[in-house]
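Hi,

Here is the structure I promised to pass along. Have a look at it first, and then read my notes below.

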Amino acid sequence: MTPAIRRIGDYFTRHIDGVVFGTVLGLMAAGLMVLFSASNANLARVSGQLANMLIAFGVMWACANIPPHYLARLALPLYLLGMLLLAAVALFGDVVHGARRWLDLGITRIQPSELMKIAVPLALAWYFDRYEATLRLGNYAVAVVMLAIPIALIVRQPDLGTALLITASGFFVLFLAGLSWRVIAGLAVAGIASLPFAWSVLHDYQRQRILTLFDPAQDPLGTGYHTIQSTIAVGSGGLFGKGWLNGTQTHLDFIPERTTDFIFAVYSEEFGLFGNLVLLATFLLVIGRGMMITANAPTLFTRLLAGAITLTFFTYAFVNMGMVSGILPVVGVPLPLISYGGTALVSICLGFGILMSIATHKKLVQT
Amino acid sequence: MSVAVELRNSRLEIYHFRLRLAIAAGFMLAMFGLLAARFVYLQVVKHEHYQTLAEANRISIVPIVPNRGIISDRNGVVLAHNYSAYTLEITPDKVDDLERLINELATLVDITPKDRRRFRKLLEESKNFESLPIRTRLSEEEIARFAANRYRFPSVEINARLFRQYPRGELFSHVVGYIGRINQRELDQLEADGLVANYRGTDYIGKTGLEQSYERFLHGTTGVEEVEVDSGGRAVRSISRSPPVSGNNLVLTLDAKLQEVAYRAFGDRRGALVAIEPSTGGVLAFVSKPGFDPNLFVDGIDPQNWNELNSSADRPLVNRALSGTYPPGSTFKPFMALAGLTYGKRTPQQTISDPGYFNFGGHVFHDSRPGGLGTVDMYKSIVKSSDTYYYMLANDMGIDAIAKFMAQFGFGARTGIDVTGEAVGVLPSQEWKMRRFQQKWFAGETISVGIGQGYNAYTPLQLATAIATLANDGVMFRPRIVDYVEDIRTRERTAVEPNPLRTLDIKPEHLAVIKQALIGVNKEGTGARAFAGAGYVSAGKTGTAQVIGVKQGEKYVESRVQEHLRDHALFIAYAPADNPKIALAVIVENSGFGARYAAPIARQVLDYYLLGKEPRPLKRGKDEDDDAGD
C-alpha cells in the first residue's frame, strides 16, 4: 500500500471504533437476512433497508468525526428546537393511525420525538457538565423538569415506546451523574404511588396492552394476538430454529408487524435458542465496548453522554426482545439495527457515531 | 436534607462514576440473563407445546364431503340427484347485528322475506359456529355483485355446495323421502354410532323414506385434505389429500311411470296404493296421496310452508301406505274363507242361507244388502261379498283361530320393508285385547272381525303383501323398494336379495278355490264393472270400510268432519290371474264403495303395467250401481 492510500484510509478510519463498527456491521447484515425472510423475499424492502443503512453509516461516520465539545455547544439549541417542534406537533400535528406524531413542514414530514431521543441526553449531559463544580439538589430538580416536559408531550401524542426510551436515556444521565440513592428510592416510591394516577392518564389501548401482558388469552384475537403469536413463534423455534426462510409463523402471516417491531419473532423462529444467544452475546459485545468507552471518557459531559447512549441501546434491545417473548407489554420499540425502518437506524447509528467520537477524540482533548 | 453532592475530588468523582457504571452493567447483565432464561423456557422447556400450537396454526384439516348417491327407478329414471349451486352463507358467531348485515346483503342479492324466515329458523336450530345459508342458488350476476363487495362482509362467504333435488317432486315424496339439515338429535345419534368423523363437513342427513333408511349407503365416505393455511384461514397449499368416496346409488324396484299412473289415478282423493311383484316382493308402486314437494325441505323449510303442510286437513306428510292403518273391510273375506278351508270349518260347496242378517245372542248383525243373497256357497260369498257368510264363519272359528291364521299373512305385524316408520296395525285376539285394554274378549266382537271391521286395522302395505302372498301361492316375500345398491366406483351391484320369509301352510286345492273366486269377482262380481273389457284375466276383491278417518293422531277439523265420516273404498287385486306379475292394494279415503272408487284405480294401474296402456280420465260409476254388496 502506498502512503497516499494509507493516508486516505487513515482519514476515513481515524475516528472509527473497530469493535463498535464491526458489531454494528454484523448486526445489520443479520438484519438484512432476517428482513429478507420476514418480508417474503421482498427485494424492494431489503434494498430500501440497505439504503437506510448506507445513510446511517454516513451519519455515524460524520458524528464520529465531530469532536465532542462541538456537540456540547449544540446541546441546548438542539433541545430547544426539539421542544419547539414537539409543541408544534401538539398544536398542529398530523394524526396518523390515531396518534399525533408527525409535523408537516411543507417539504417533508418529521417526527420530532425521534430528535428528542438524542437531544434529551445531550442536553442533560451538557447541563450536568456545565454545573459540574457546584452540583446541588436543585440542579437535579431542573434536570428532572428538562426530562419530564418532553416526555409528557410525547406520552400525550401518544407514543409510549419513544417516551419510554427517552425516559430511560434521561434517567441514565441522572443516575450516572450521581443522583443520590435516597432520591432514587424516593422517586421509586413516588413512582409506585403515582401508578394509579398514571393508569388513569393512559389511553385505553395502552392499558389493554399492559393487561394483556398478564393474560394474553383474555383477548386472543385483539391485543393479545401479537404476544400469543410471537411467543408461539419463539417457542416453536426450539434449540436451532426452523431454518432461514422456513418459519411457518412468519411465512403464513401469523406474526403481525414482522418486519418492524416483531422481527425478533422471525429471527427467533428461524434460528432458535442458539441464534438468540448469539444475538444476546453480540449485543453484549457492543454494549460492553460502549461501557469501556464510557468509563474512559475524559469529561463529565462525554462520560454521561456515552453512558446514556450505551444504556439506551441496551434498553432498545431489552424492551424489544422482552415484548416479543412475552415478558413486557407491547410498546413500539424496534429491535436495534435489525428491525426495518430508517429513522431508528439513523438515530442509533448517530449515537454510535458520537460514541466513536468520544472514544477517538479523548487524547486530543486530554493533551 | 442536605444532599448537595461534593464532586470536587476528580479521582473520587471517577471512582463514584465507575461504581455507578458497574451497577448499570450488572443490571444489564441481569436483564439479559432474564431474557436468556425466558428463551430457554420458551424454546427448550415449552418447545413442544409451542411447536404444537404452531402446527395447529399452520395446518387445517378440511373435510371433503362425498357426493350423495343417486336414487333411480328400475328403468333408470332419476328420482333423487345432486346439483351444484352457490350459496351465500353467514357465520352468525362473527356478526354483532345480523339484521343489519342481512339488510346490507339484500342490497346486493335478492333476499326475500321467505329467505329471512328460513334463515331465522336455521339459526334457532343450530348451536354451533357453522355457517348458515341466507340464500341458495345464487345467479351468476348475484355472485359477481357480491364478489365485488366481499371486503365489506368478512363474516359472509360464497360456497359452492351440492344440493339434493327430487325431480319427480311430490310423486315420490313418501317413498324416496328427503334430506334436511342435521339436527341435534341426529348429531347425538351419529355420535353414539361413532360416525361423527365421517359426517364432518356434511350438513345434511336423510330424514324420511329411503333417504333415511339407506343413509349409510347413500352418504359415502368423507375425504380429508390437510392444507396449510395462513393467518387469514386461506389455504396456501395442500399437504395431503385422501379423496372422498361417493355414496352408493340406489336402484329401486319401483317403476316411475307406474307410480305416476297410480298417483294420477287418485285424482284429488286421499289414499294409498302399494303394488308388489309377488314373485320377488319388489315394490312396483308406492303411493300415498296427497304428497308434498320434498324439495322444500332440502334447504331447510320455511315456517310458512311448514305450517301449511303440517296443519293441512289432508295431512300430506303422513305416509298412508306405510303408517296409515285402516280396517280392511271385505278385502278380508278371501283370507277368512281360506282360513275356513284350512281349519276344516267350511268346504267350498257348503252353503248357508243368507237372510240378510245374522243373529248372535239377540244382537242382529246386518248384511249391507237388505234381504241377503239367498243360498250362498264359498264362491258366491266372495264374488258377491256376502256379510252373513262371514259373520257365521267368524263365529264358528273363534277369534284366536282367525288371529293365528291371519298372522301367517303378515296382518298386524311389520312387513320388514326397507323404509322406516312402518305401523304395526292391529290383528285382534284375546291376548291382544287383554294387553291393550285389560279386558276379556267378547264372543260378539268376533262377528264383525269376520268382515274386516271391528278392531281390524292394517296398513295398505300389509294388505298388498297379503294379496301378493296369496297370488304367489303362499310363498311370502319381504317387500322391498331397493333392488340393488350400486358402488359408483366399481360399478359393483349389491342386490337386496328377494327374501322369502316363509311358505304358508296352505293346501293348493284350497288356494285354488279362493283364486277362482277372486277371478269371479272381476268377471261377474263386485269388480266386474271396473274390469269390464280388460285384455287379461285378473283377480280382485272389493272392500268398503266404515271408519273414523286416518288414525294417526287425528285432529278435529270441523269443516271436514262430514267427509271424514264417509267410508273408505278398498280394492285388492293381482293379475294376470294364472301367472301374477303384479299384486296391489288400494285404499281411497272417505270416498264410499270400494267397487266404485278403488277398483277403477287398480284397473288403470294393471292396464298400464300389463298392457302399457296410458290411463284415460277416470270414469266413475253411477250411484245405483249393481254392487251395493260391500
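**An open helix in chain B**

Helix H7 of chain B, residues 184-192, lies largely in the open, because of its nine residues the number buried is zero. Please keep in mind that this is a predicted model. Just after H7(B) comes Gly194(B), which takes a positive phi of about 70°.

**Where the chains touch**

The contact between the two chains draws on 41 residues from chain A and 37 residues from chain B. On the side of chain A that touches chain B, the elements giving two or more residues are helix H7 (160-176), helix H11 (224-237), helix H12 (248-251), helix H13 (263-295) and helix H14 (300-324) of chain A. H13(A) gives the most to that side, with ten residues. By class, the residues on this side of chain A are 21 nonpolar, 15 polar and five charged.

**A helix pair in chain A**

How do H2(A) and H3(A) run, roughly parallel or roughly antiparallel to each other? The axes of helix H2 (residues 18-38) and helix H3 (residues 43-64) of chain A come within 9 Å and cross at roughly 160°. An angle over 145 degrees counts as roughly antiparallel, so H2(A) and H3(A) are roughly antiparallel to each other. Their crossing is right-handed.

From H2(A), the contact is made by Met28(A), Leu32(A), Leu35(A) and Phe36(A). H3(A) brings Arg45(A), Val46(A), Gln49(A), Leu50(A) and Met53(A) to it. Sorted by class, the contact of H2(A) with H3(A) has seven nonpolar residues, one polar and one charged.

Best wishes

Methods: Residues are numbered from 1 along each chain as its sequence is written. Chains are lettered from A and ligands numbered from 1 in the order in which they are written. This is a predicted model: local features need pLDDT of at least 70, side-chain atom pairs count only at pLDDT 80 or more; totals for chains, interfaces and linings use all residues. Two residues are in contact if their C-beta atoms, placed from the backbone, lie within 7 Å. Helices (H or I, at least four residues) and strands (E, at least two) are DSSP runs, numbered from the N terminus. Ala, Val, Leu, Ile, Met, Phe, Trp, Tyr, Cys and Pro count as nonpolar, Asp, Glu, Lys and Arg as charged, and the others, Gly among them, as polar. A residue is buried if 20 or more other C-beta atoms lie within 10 Å of its own, exposed if 12 or fewer, and partly exposed in between; C-beta atoms are placed from the backbone. Axes are lines fitted to C-alpha atoms, for helices over the stretch in contact, and angles run from 0 to 180 degrees between N-to-C directions. Angles under 35 degrees count as roughly parallel, over 145 as roughly antiparallel, 65 to 115 as roughly perpendicular and the rest as oblique. A crossing is left-handed if the near helix is turned anticlockwise from the far one by less than a right angle, and right-handed if clockwise.
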